[in-house]
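Please keep the sequence and the coordinates at hand while reading.

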Amino acid sequence: MSGERGRISLKHFWYGCGALGVGAITVLVLSSGWMGLRLFQLEWVPQGQTELTFEPVKLDFGNRTDLTGKSGSLPFMAGVVIDLDADGRDELILGGGRGQTDGIFALATDFRSMVDLSGRYTIGKLPDDATMGGTSTDIDADGLPDLLLARESGVWIFRNLGGSFDEGERVFVPPADDRTTIISISSGDINADGFVDLYLSGYIRNADVEGETIFTNDYGGYAYLLTSDGAGVFTDVTSDWGLRRRHNTFTAVFADIDENGTADLVVAQDTGVVETWRNTGTPPLESNSNPSVFSYPMGIAAGDFNDDAHLDFYFSNVGHTLPEGLLRGDLPGAAEFNPNYMLFAGDGKGSFADVATDMRAARLGFGWGAVAADYNLDGLEDIAVAQNYAKFGQPAIIHRYAGKLLLNVDGDHFEPVEKRAGVANRLFAITPLVCDLDGDGRPDLVWVNLNGPARVFLNRMPEAQSVSLRFDDSPSAYGAVIEASVSGRRIMRQVVPGQGLASDSSANLIVGLGEAQKIDRLNVTFPDGRVLAFNDVPAGQVLDLRRDAGL
């Protein structure tokens with residue numbers, strides 16, 4: 001009997017193992033779609049090696065944005081770097097949601113926290129109004145940067161009085177029939193008159209949103225081009241310059257793409273393409289071909305990424321976070337579609353080639369704002385990219401990304417180092433910001449996070465060598481070209497404000513020298529044609545190139 005019981009028990013054991021195996025296979029089959037999607041969303045790129053390291057700084061600000069259905073706000077918030085008192089050290093302005101004040105902060109003297117300056121620099125705001133985007137620019141050329149904010153209620157200017165802002169003035173409201181909310185403000189000088197002009201990126205207001213994958217229908221908000229008279233009065237010249245059309249737009253930058261000294265325009269559309277517009281000096285702008293096809297270009301970073309002394313542009317995209325079938329929306333089957341990030345390498349004549357795949361910067365997860373800066377100060381421009389999407393709510397089937405800090409390796413390819421450098425950010429980031437909060441000549445990094453706390457990191461790159469250039473935050477400097485000869489290398493930079501998304505980074509520029517101890521020869525060509533030349537500029541030098549208001 002005992003043997004029989006043993007055989008029965010053994011048989012039951014194997015039956016149990018079989019049932020367990022079948023159950024495991026069943027669970028695997030049922031969950032394979034979920035697991036497969038999660039695996040597909042991963043970026044599969046190992047972290048690169050770097051000495052770059054950052055130190056976190058305490059910041060007491062958490063954005064609160066209402067994202068509920070038609071009654072809530074669009075998922076954007078402002079992030080602005082501004083040198084309020086023109087002392088060469090940057091401050092931060094962060095947009096608040098409805099019923100929330102905008103925040104303004106400076107680095108504390110102990111470098112461990114950010115100090116709230118809102119009691120001194122009051123930024124007026126209507127009740128139940130959300131701040132979508134912003135920029136800083138010197139409207140009246142008095143040497144002090146003013147603040148412009150894009151809100152649900154329109155575009156506002158807050159003039160810098162040298163210790164406070166004025167009460168604010170609303171200078172533009174989209175026509176009611178356009179059903180548009182302004183989400184980004186880009187500063188430049190389109191007509192070369194020395195006064196600041198604005199490109200306002202518009203999105204269909206939240207109450208009228210019909211979907212987020214509409215490519216082919218007549219749908220969306222409008223963008224606007226405004227010129228100013230130098231005193232803060234703006235005129236809508238969108239139609240004159242050939243830019244009146246209906247399509248949701250995320251952001252834009254004014255930059256000289258053909259090296260003829262005029263401000264051209266680069267625009268990132270939603271459910272559309274990258275638009276590049278050439279400025280011939282008189283309206284209208286000329287549409288300029290580029291490699292983009294239907295996609296979701298969102299943030300824009302501008303820099304010389306392949307080290308050939310010509311300006312390039314990097315565009316974030318939706319990546320492979322969602323299946324392509326969902327992302328294509330109403331596109332016909334034959335239409336070309338690209339979910340990858342794009343890197344347009346410029347030739348200095350207005351032509352571009354997409355080299356994102358070659359430079360290992362194409363296949364990244366869902367992205368928002370992107371900015372360029374030489375974070376490790378080796379003389380090559382790196383890229384920071386914000387990631388994740390608050391409206392997903394980040395369910396279990398959607399991977400949460402860490403944000404990207406892409407180090408430029410020899411102008412040949414990029415390697416992610418955000419985890420090794422200590423700046424990983426798995427929150428819902430709208431954009432990174434580039435700034436120098438402590439004035440040490442190393443670019444710091446800020447993550448502007450929607451519905452969560454913003455995060456500040458001070459750059460602590462060891463044995464860093466750099467030269468800092470201070471520019472006016474105004475049209476007198478926008479588009480300025482910097483050419484530096486460093487130990488036989490040629491380094492080119494262009495002042496391009498408004499990089500990122502709904503944001504504006506520092507007006508100052510930091511040139512990394514690698515192991516060199518000086519810039520042998522430095523030329524700075526301003527938009528009005530004036531050239532400043534310097535010889536043997538030592539590492540650690542701060543060159544004050546400001547000209548407005550006699551500074």
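In the loop between β11 and β12 (224-228), one finds D208, where helices (H or I, at least four residues) and strands (E, at least two) are DSSP runs numbered from the N terminus. The model is a predicted one, in which local features need pLDDT of at least 70 and side-chain atom pairs count only at pLDDT 80 or more, while totals for chains, interfaces and linings use all residues. Residues are numbered from 1 along each chain as its sequence is written, and side-chain values use heavy atoms, with hydrogens and water left out.

With a relative accessible area of 17%, D208 is buried; here buried means under 20% relative accessible area, exposed over 50%, and partly exposed in between (1.4 Å probe, protein chains only). The side chain of D208 is joined to that of R205 by a polar contact of 2.4 Å, a term for a pair of N or O atoms within 3.5 Å, of which, within protein, one must be able to donate a hydrogen and the other to accept it, residues adjacent in sequence counting only if both atoms are side-chain atoms. When its neighbours within four places in sequence are left aside, D208 is in contact (heavy atoms within 4.5 Å) with K70, R179 and Y219.

Strand β7 (residues 146-151) runs antiparallel to β8 and is joined to it by 5 bridges, with L149 facing its bridge partner W156 in β8; the two strands form a hairpin with 2 residues between them. β8 also pairs in the antiparallel sense with strand β9 (residues 169-172) over 3 bridges, and there V155 has F172 as its bridge partner.

Turning to charge pairs, the structure holds 23 salt bridges, each defined as a side-chain nitrogen of Lys or Arg within 4 Å of a carboxyl oxygen of Asp or Glu. One of them joins R493 to E381, with the closest N and O atoms 3.6 Å apart; this pair links distant parts of the chain, since R493 lies in strand β31 (residues 489-494) and E381 in the loop between β22 (367-373) and β23 (382-387), 112 residues apart. R493 is buried at 4% relative accessibility, and E381 is buried at 8%.

K404 and E418 form another salt bridge, their closest N and O atoms being 3.3 Å apart. K404 lies in strand β24 (residues 404-409) and E418 in helix α3 (residues 418-421), so this pair ties together parts that are 14 residues apart in sequence. Finally, R442 forms a salt bridge with D440 at 2.8 Å between the closest N and O atoms, and D440 is partly exposed, with a relative accessible area of 30%. Both residues belong to a network of salt bridges that links E55, D438, D440, R442 and R460.

Notes
Two strands pair if DSSP finds at least two bridges between them.
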